Amino acid sequence: MTNEQTSANRHNIHATGRQKLLAHLAMLLFAMLIASSFSIGGLATRSMPPIALQAVRYGATVAVIGTLCFGIFRHRFRLPSEPARFFVLGLLMAVYMVTMFIALQFTAPVATGAVFTLMPLASAVFAWMLMRQRTRPGVLLSLLLAAVGAIWVIFRGDLAALLAFDVGRGELIYFVGVLCHAAYVPLLRRFNRGEPAIVFVFWATVCTLFFILIPATPQLASIDYAALPGFVWFAALYLAVVTTGITFFLLQFASMRLPAPKVLGYGYLTPTFIIILEGLIGHGWASASVFAGALVTAGGLLLMARLPD
């Protein structure tokens, strides 16, 4: 058996039993935490440019994870082997983050949400190309069902708005970012060399910060930091620790145990969790029609979770 065949077989072995359940629960928590970042991040960007906020967020993440990694857990600080893999991961995540905010200058959030639903299916393609990771037809069908529900939620049950959807410059820009994120998840498994998870997370985050600083530096230099409200610093810390550091651990944990499309399929729950969170904090509840779409998404994901990997 060749090395390529051995690698392909290894990447098609997935978790069972308790480890599989934990991986699915990890991605459920992932979707909930990502949803919370939209409300908090949206409020913070009223006082700080979005890309600059991402740079501060990743800078704080590097500081927190670095302290845990080399201070608390006392891992030896040394450059990683094959550092190019972390630069690839950092570039892919940075492109995703930056294109998302650039796209919002040209299109509405609802349109970027519709483009986002292509990510799990794109990840299935990348998983096969990069690792020969096979996706069963039943899993693809369940993902399509979940995507239909997610699109209905994103468009708030407005059929006219859905039919009027038009692909423009913003959608195309964000699609580039979606492709980068879709490739990112299978590469987490392909690039793993058995390092402690926190060490892997640290170097991937450092490289993401490096690439985000390229467009963010001019914005960072022009900010009056003394005039920023305290909420911005709270938001940056929350985004750094909860929706960057913790979610990266969850994503890596799940990607080592589940096929890439199943991992990213939980992203379809993010719009539903956003609607629930917005309702809980007093911004109004969605219609019954929208919640029907959420139930379709949940049903599709439940079917996906129960199907063989």
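Modeller: Lys and Arg count as positive and Asp and Glu as negative, while His and the chain ends are not counted; a charge is placed at NZ of Lys, CZ of Arg, CG of Asp or CD of Glu. This is a predicted model, in which local features need pLDDT of at least 70 and side-chain atom pairs count only at pLDDT 80 or more, whereas totals for chains, interfaces and linings use all residues. Residues are numbered from 1 along each chain as its sequence is written, and side-chain values use heavy atoms, without hydrogens and water.

Colleague: How far apart are the mean positions of the positive and negative charges of the protein chain?

Modeller: The protein chain carries 20 positive and 9 negative charges.

Colleague: How many helices does the protein chain have?

Modeller: Helices (H or I, at least four residues) and strands (E, at least two) are DSSP runs, numbered from the N terminus. The protein chain has zero strands, and its helices number 14.

Colleague: What is the radius of gyration of the protein chain?

Modeller: Along the principal axes, the C-alpha atoms fill a box of roughly 55 × 50 × 35 Å. The globule rule (2.2 Å times the number of residues to the power 0.38, with the radius taken over C-alpha atoms) gives 19 Å for 309 residues. The protein chain is as compact as a globular protein of that length, because its radius of gyration is close to that figure, at 19 Å.

Colleague: Is His24 buried or exposed?

Modeller: His24 belongs to helix H2, residues 17–44. Leaving aside residues up to four places away in sequence, His24 touches Leu258, Lys262, Tyr266 and Ala305, where contact means heavy atoms within 4.5 Å. Buried means under 20% relative accessible area, exposed over 50% and partly exposed in between (1.4 Å probe, protein chains only). At 9% relative accessibility, His24 is therefore buried.

Colleague: What is the relative accessible area of Arg74?

Modeller: Arg74 sits in the loop between helix H3 (50–72) and helix H4 (84–103). Its phi is positive, near 55 degrees. Most residues other than glycine have a negative phi. Arg74 counts as exposed because its relative accessible area is 69%.

Colleague: What phi does Glu82 have?

Modeller: Glu82 also lies in the loop between H3 and H4. Glu82 is partly exposed, at 45% relative accessibility. Its phi is positive although the residue is not glycine, with a value near 50 degrees.
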